[in-house]
Amino acid sequence: MPSIRPLCAVLLTTLIVGPGCAMFRSSASSAPEPVAVADQDDRGAPINLQRFMGTWYVIGRVPNFIERGHVASVNEYTLREPQKIGITYRYRDGFSEPLQEIQARASVDEDSGNHDWRTWFYRVVPTHSRVLEVAPDYSWALVGYPGREMAWIFARKPEMENGLYKKLAERLRDEYGVNTDKLKRVPQQRSQVDKLGYEVPNQR
């Protein structure tokens, strides 16, 4: 096994790979944005892998060993062949730090409706994750991890309105049983550093 770092890196890209609303504070001047969700009976509908591919910004996550302190975190997914995904995770340790990336590959279980993923780094034992739900227009996604101790909120854009973030965090907690007490927003812009509810960068 090469090292523990690549193995643990799976944790951050497990989305595929991803609040306690106590760390969230909405602006008093902005009304919460309605959350477009699938009907109760359609939430288990198959994930369209072609639509899921592309760039996903990591908007929120439960900090883990390898992702902790990363800013400007982005996952890029590429469909290599049926049910096989190439993954590039890009991040910085601080907004003045160099861009870094981790490469991975994933296999998607078609029988699960493309919800269940296995991700490999350096051919080590795979890690499992599940795409819990995607927006009808694929503008955001909720991703979970076995044990419900970790979860990710992804979006197609680096910014997410506070009301929408709160609603999605509540969905993770109420609909999927995720422990969101430690959920943190990921700084995607320097101006978000040190704001309430955002993860602290490794380097300032």
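Valine 134, setting aside its neighbours within four places in sequence, is in contact with Ile47, Phe52, Trp140 and Ala141, where contact means heavy atoms within 4.5 Å. This is a predicted model, in which local features need pLDDT of at least 70 and side-chain atom pairs count only at pLDDT 80 or more, while totals for chains, interfaces and linings use all residues. Residues are numbered from 1 along each chain as its sequence is written, and side-chain values use heavy atoms, with hydrogens and water left out.

Val134 also belongs to the largest nonpolar core, which has 26 residues; Phe52, Tyr77, Ile85, Trp117, Val134 and Phe154 have the most contacts inside it. A nonpolar core here is a set of buried Ala, Val, Leu, Ile, Met, Phe, Trp, Tyr and Cys residues joined through side-chain atoms within 4.5 Å. Buried means under 20% relative accessible area, exposed over 50%, and partly exposed in between, with a 1.4 Å probe and protein chains only. A second, separate core of 18 residues includes Val62, Ala135, Ala155 and Met160.

Strands are DSSP runs of E with at least two residues, and helices are runs of H or I with at least four, numbered from the N terminus. Five of the five residues of strand 8 are buried. Ala151, Ile153 and Ala155 point one way from the strand, and Trp152 and Phe154 the other way. Strand 8 pairs in the antiparallel sense with strand 1 over four bridges and with strand 7 over five bridges; pairing requires at least two bridges found by DSSP. Tyrosine 57 has alanine 155 as its bridge partner in strand 8, and valine 143 has tryptophan 152.

Which residues form one aromatic cluster? They are Phe52, Trp56, Tyr77, Trp117 and Phe154. The whole structure holds six aromatic pairs, counted when ring centres of Phe, Tyr and Trp (its six-membered ring) lie within 6.5 Å; planes under 30 degrees apart are stacked, over 60 edge-to-face and the rest tilted. The rings of phenylalanine 52 and tyrosine 77 are tilted, because their planes stand at 35°, with centres 5.8 Å apart. Phenylalanine 52 lies in helix 2 and tyrosine 77 in strand 2, 25 residues apart. Tryptophan 56 and phenylalanine 154 have ring centres 6.4 Å apart and planes at 35°, so this pair is tilted. Tryptophan 56 is buried, with a relative accessible area of 0%.
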